[in-house]
Each structure stands twice: as C-alpha cells, then as structure tokens.
Amino acid sequence: MSGRVLVGVKRVIDYAVKIRVKPDNTGVVTDGVKHSMNPFCEIAVEEAVKLKEKKLVKEVVAVSCGPQQSQETIRTALAMGADRGIHVEVSGNDYETLGPLQVSKIMAALAKKEDAQIIILGKQAIDDDCNQTGQMTAALLDWPQGTFASEVTLDGDKIKVVREIDGGLETIKINTPAVLTADLRLNTPRYATLPNIMKAKKKKIANVKPADLGVNLTSKLEVLRVEDPPQRQAGMKVETVEDLVGKLKESGKV
Amino acid sequence: MMDCTCGRRAQKAAVDKVLSAFRTICGKDNVSLGEAIREQHGKDESVHRCRPPDVVVFPRCVEEVSALAKVCHDHNLPIIPFGTGTGLEGGVGAVKGGVCFSLRNMDQILDLHPEDFDVTVEPGVTRKALNAYLRDTGLWFPVDPGADASLCGMAATSASGTNAVRYGTMRENVMNLEVVLSNGTVIHTAGKGRRPRKTSAGYNLTNLFVGSEGTLGIITKTTLRLYGVPEAMVSAVCSFPSVQAAVDSTVQILQTGVPIARIEFLDDVMIDACNKFSSLSYPVTPTLFLEFHGSERSLEEQVSTAEEITQSNEGSDFQWARDAETRNRLWKARHDAWYAAQALRPGCKAYSTDVCVPLSQLPQIIVETKKDLLESRLTGPIAGHVGDGNFHCLMVVDPNDPDELHQVHLFTERLARRALAMDGTCTGEHGVGLGKRALLCEEVGPLAIQVMQGLKDSLDPRNLMNPGKILQRGEL
C-alpha cells in the first residue's frame, strides 16, 4: 500500500464576491475578481492532512487543473499541510471548456501514475455546482466511492464512510483504493498560518500537461448563454383578506 | 418646545428641497424616504428607542459622501453616519432628524500589504468579512466585539473585544483614516496612503477620530494593523471559590509575562444560567475562561504556568483543550452567555452595562455590584474581560415594565459612578452615545470637556455631525 492520498483542489471565484454576468452573456466576470480555493476542496485537504497527522496515510499530494494561477491554490493546500503538488496545465479555450469529465480523466490518470490509495475531492465546486467529478473519477477507475462524506474512518484496508443523504445519514464500508467526496460537515478547515505559508514555498509543485497523461480535453458541451436570475418584483399591499383571495385567484395560484 | 417643533418643521422643508440634489449625486435608488428604511436606520442594538432620520442616503464612494455632506452643510441638515447598526449606546439615533448616511455600499477591501501587515477597508466591510478575505494570507484582524460590526464603525466607537489583553483595541490598531468633515472636506488623518508602523508627525488626528462616534466626521476608509494567525491555540477553564481568587490569578498570570490571548470571567449567576441553557455542569462559582495563542512549544509553557498560578489561588477543575471541537465545547458557556442570560427570563430584553477599572479594583467593584443587584432585585449575570478590568452586567429586563426599566437605569448610573470612584471609566468599550453624556462630564471633568467642546466647535461649527452624542449641549 502506497499510503498516498490525492486531493483535488479547484480555483474558483471567492464565495464572498458578488458575481456579475458579462455584458455579452457568455459567462461571468472573472478579470480582477478575487479567487480562492473552492470551500469543499478546503474540507477535502483538511481531511487528508488529518489522516496524515493520525499516521494513517503517508503522503498528501494536492492536484489542480488550470492556468498559471492554479499554483496559488496548490500553495494554499501545501500551507495547510499537503506534502507536494501537481499542477496540470490547462489554459485558453481548453480551460474555458474544462469540466468534470475532463478533470475526472486527469485524476484517474494521475491516480494510476502516482499509485494513489485514496482520492479525496470536494463534493462540488461553487462555480458550476456540478457534483460529478468524484463520481466520474471512481467510475473511470472502477473504484468504490464514498460521496457526501460527513465522517471518514480508516479501518484496515477498508473505509467506513458516513454519508449525508436526503433521509439523514447513511453508513457504508468500502474497499480501498477508493474515491471520497467531502461534504460540509466533514471537518472545519484550518487557517494557513504564516510559518506554514513560508514552509509551503519550499515544497515542490510538479508541472504536467494533459497530453503527457494521455488525456483528451475535448468537450462535447457548449455554453450557449449565461443570464442573471430574474429581477425580484416589488410586492403589493392589499387592504382586506377578500382582496388577497381575489388577487391570488387572479394570478391562478388558487 | 414650540421653537423645537417649528425648527423641525423648517428642517423637514429643507430636506424636501435637497432631495433632488441627493438623487443627482447618488442616484434616485440610493435615496430613501420609506418609513421602514428610516426606522431601520434610526436604531441600533441598545435599549434606546428608535429615532428615525428624515431621509437615508446610500453613497457609493467618498466623492458622493463629500458632495452629499456639502449639500447638508449648506442647508444645516444633521448628518448621521451608519455602519452596521450594531452599536450598544444609541449612537445612530437621529435625535434632531436629518440625513442618515448609510455607508454599506462602500464595501471594498483595498490595498492589502501582507509583508507590512496592513490593509485598508471601506465602511461596508465587517470584521468577519475581512478575516474571511484574509484567510489564505496567514493574517487576521483580531479585534472582536460581539457583533459582526463595520470596521470603520468600530473605529468610530473605539471598539474592543475579548482578546484586547493581547492584541489591543481599535485605538492601537488604526493606522490611518480617510474622513469626510461636516462641510464635505476630505482629509487623511495620517496623510494619504501612509502606513508606517510608527510616526511622530504632528498631532495625532487618527486617534482623535477613533472613538468620536460620528460627531467629528464620517469615516470612509480605515487602515488597519494586521497580525499573524496563531499557529496553535489552547483553551482552558478553571473554577474559583471567590471573585478575589479569580482576579488574583488573572493579575499574577499577566505579571509572569504569559502573553495570554483571552481571559474571561463569568460570575456564579452567569455560570448557573449557562448550565441551565446549554445543559452543562460547571461548578456554580466564579469561573475563568482562558485562551492561549502561540507555537506548540510556547503553549505548553504558557498553560503550565497558568495552571500553577490558578492552583495556588485555590482554583479547581482546571481543564484545557487543544483541538477546535473540544475547545469550542469548553468555551461553550462563554459563547452562549448572552443567550443564556436572556433565557433566565423569557420575553425580556437584555442590556449590557460596560465599565472598566484598574485590575486591582476589580474584586471590590464586582462584589459591591453583586450586592447592589441583590438589593435592587435585578437580574444581572456578570461576564467580563478581566485582563482589562472590564466587565458587563447583562441586565435582563422586562421592556414593558417602566418601573423595572427605571430601576435598571438607576443601577447603571450607580455602577458607572462606582467605577469612576475607583479611577476607572464609565465605558470600557461601548462608547458614550446618548446615555452616558453626563457621566462623561463627571469622568473627565469640566475643563477637559471644554477642550473636547472646543475641538467639536472647530471641526463642526454648525453641530451637524451626529448631534446629541458624546457632548451635551444646552438645549438637549
């Protein structure tokens, strides 16, 4: 067993930013806008680092797919305690069309190359809300998956995962190697401290191209249009209950 | 009285005249006459009743603030700056009506310099928003009053928090301010863009405006001192047989040079409330909640020194924790104190008193205050930042009982005067606002008040900036 954990970290627009749609409706404004690590990826990194602190795994490798700036996201993961990083360079049009299918092919290829035992991803990214990459990666590798994990326990060569589902909590036991996706309540990610940020500068980030991994980035999806949600209309005050019922009937709601 | 009403009517007419000027400056969507909006901007989280302004404007940049202020100045209209409305002393009440400047649309974080440990923010940025923004840099802004307040508002009230004992209050952590004066002039108190770690250049205008509660100018930018996020934290709890023992421990911990980050005191009434509210089982006796920041190695030393000291002061049940979940559990009582106090009497409102005395006087003032509470038959569990000699009685009072409200008011005055008699202050963190103007006179004396009034007259000759706060005037 390699004892190696691969953690995927995605660079997204910071959750606190007010998103604006581009005037040509082709997407959202990203220039000059604050970006940071996807919050669910932070939880994934935290879980991986915790496993290493408990000496249940030997090495945590942070992976990000994107342009040059993705390296900042990897550095944050290194400051949180990951040992080394892999930056898969994707830029230009390839980056515009990069989606869960392409990323999962990359993760699967890296998992084989790095002999990973566990892959931990955030359950979804806050920009596209796809919630697909973990599941697709597991399928490509034919590995078991523990998604929406709110609790992870390593038990020999198996993993016990408590999953958040609509009805409550579901507990499953899966074999390793496996893919896990982190849900909100899995842990509280640590803040990067200055000494750790300084140490992270010395950790290695390898550069890899998708072609080196034998991955084709072609996407079969085309974004036609991005729009703001409809503007909220002003409410209306009525004087009596009869007026209210009348208005409800008028609008066909009653 | 007649003059007052005529004056207000004339002022309302003046407001109507300037509305179109306001709309031209900041857009008609950013000028509001709506009753709900005005009421929202006429009160804060204190017990003072709502005093709505005549109109609320929402400027988007300092140029708009300046232009709006000029218009108000030309028409003698009061100007009330508004951040998050989380103040505790009625500071935003428009006692003479006028124009509320709600600054929430100015919400940019500008000019972060991580190597220099400084950042500049606009008034719409709250302390939690700033710390969320900084989370990847390894830096934070530690001043933490209870509310998620506007940082410029915190500068205006010279706010403080639970970790002032280690990181200081706003006074120590504001490096520069951009301020719009009552006539629209824009100044930078330390010079535009300047942020040296120290300076001896001229009068300290920055700290003149810190704590001025909107009475000298509108703060539109503040440059703040940042700190490194602690590498590790340890929290601890310890019970004591008496207030004296708890305070003695505090003093000794500080004297041994332990750089303690938080040291919070809860009295037995408060602990009892917390036990009931959160189903805990702390011993019902004066309790200290401690927090240490530092590297792993320094924490070991800090905690063991503190534990020895508490033991030598008959402290018992010393518990400590390192990981986030257990730390939060240990401190749960302190975190829930506000709600636990209110739960003592459902349906009642809570009002927090706020005095600060030299550390050596703390046991005496707490003992006397508890005696007063008993004799007055008032509910007032005590929580305090003992490292600063600052404590709060959380007065739980029935808002519909005028008699009880009156009793609380008298109690608060007695408490403030007790603190003044012990070389302390009538307000450690919350400010003077509406309710403590008379106490301020007693505290600093008439000659210092005259100097304050002179400064006010010089910067705001028409008394337009947040009238009725901090300083008393004849007609109010």
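A disulfide here means a pair of cysteine sulfur atoms within 2.5 Å, and a search of the whole structure turns up zero of them over all chains. Cys61(B) is in no disulfide either: its nearest cysteine sulfur, in Cys26(B), is 9.4 Å away.

How exposed are these two? Cys41(A) is buried, at 5% relative accessible area, while Cys61(B) is partly exposed at 24%. (Buried is under 20% relative accessible area, exposed is over 50%, and partly exposed lies in between, using a 1.4 Å probe and protein chains only.)

## About the model

This is a predicted model, where local features need pLDDT of at least 70 and side-chain atom pairs count only at pLDDT 80 or more, while totals for chains, interfaces and linings use all residues. Residues are numbered from 1 along each chain as its sequence is written, chains are lettered from A in the order written, and side-chain values use heavy atoms, without hydrogens or water.

## Where the chains meet

On chain B, 13 residues are in contact (heavy atoms within 4.5 Å) with 14 residues of chain A. About 1200 Å² is buried between them, with carbon and sulfur atoms giving 53%; that's the accessible area (1.4 Å probe) the two parts lose on being put together, summed over both.

The rule finds three salt bridges across this interface, each a side-chain nitrogen of Lys or Arg within 4 Å of a carboxyl oxygen of Asp or Glu. One joins Glu42(A) and Arg135(B), at 3.4 Å from N to O.
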